[in-house]
Amino acid sequence: HDLNYIALSGALHAIGRSNDEPPTPPLNLVGDFGGGTMFVLTGILAALLEVKSSGKGQVVDAGMVDGALSLMTSIYGMHAGGVQSDERASNILDSGSHFYNTYETKDGRYVSIGSIETKFYAELLEKMGIEPDSMAPQMERESWPAMKEKLKELFLTRTRDEWCAIMDNTDICFAPVLTLEEAPDYPHNKERNAFVDVEGVKHPAPAPRFSRTPSSIKGPAPKTGIHTEEVLSAWGVSSDEIKALKAGGAIK
């Protein structure tokens, strides 16, 4: 499964809050979908383009470990360059830094901060009421734990919505951490029609979007057994045999 593929790629080891705890499974987004589905789709599309010039077909070999490794290219590059440690929560992008992290707010919710660039970081300090001279240099890694603690304390002084009022529409690189229930009603997602209601169930809208041939969700997920007779008939199972299977409870 996904977790095993990304374990072999090094990706799983790199994800987590601390080396004192096991790595954190990132749902099944990195292996199944990012490293698997997206790469095989890209490969198929590339092969379809190539066949127009060569007239020849080919096998698209899209291993999930290979895909997860490809997603990790920049991380392996930083590791080779000495700026990405194997110690979790000690690097810029893995919760090691104070300026690329998530923080709890006064009401028990969370916000995300991605103020990597100098100008974004300067605005973060300004909006939080922090004097730059009171902080160590942004990239001084040995000072990150203390600066994380300072930001942690400050974020706990206001609710998530209060921080949104302060930081939305700025260059801080800020966003509230939304739950699955909240995301469909967030203004940006509503304006983008990012969710589609299908018979009372909200689905993420198809992506990417096409200007000339827009995609759509044709209908709800089929109920269990709705296509059973159709499929069995296509396989050559007679109507009498299907009735017998139904009577015996083998199919619905």
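The largest pocket holds about 400 Å³ of space. Here a pocket is an open set of points on a 1 Å grid over the protein atoms alone, where a 1.4 Å probe fits, with protein on both sides within 12 Å along at least five of seven lines; lining residues have an atom within 4 Å of a point. The volume is the space filled by probe spheres set on the points, which are joined across faces, edges and corners.

This is a predicted model, so to speak: local features need pLDDT of at least 70, side-chain atom pairs count only at pLDDT 80 or more, and totals for chains, interfaces and linings use all residues. Residues are numbered from 1 along each chain as its sequence is written, and side-chain values use heavy atoms, with hydrogens and water left out.

- Seventeen residues line the largest pocket, and Ala11, Ala14, Ile15, Leu93 and Asp94 are the closest to its centre.
- The second largest pocket has a volume of about 300 Å³.
- Of its 13 lining residues, Arg17, Thr102, Tyr103, Lys148 and Lys152 lie nearest the centre of the second largest pocket.

**Aromatic rings**
- Phe99 and Tyr121 make an edge-to-face pair, because their ring centres are 6.0 Å apart and their planes stand at 75° (rings of Phe, Tyr and Trp, the last by its six-membered ring, pair if their centres lie within 6.5 Å; planes under 30 degrees apart are stacked, over 60 edge-to-face, the rest tilted).
- Phe99, Tyr121 and Trp144 form one aromatic cluster.
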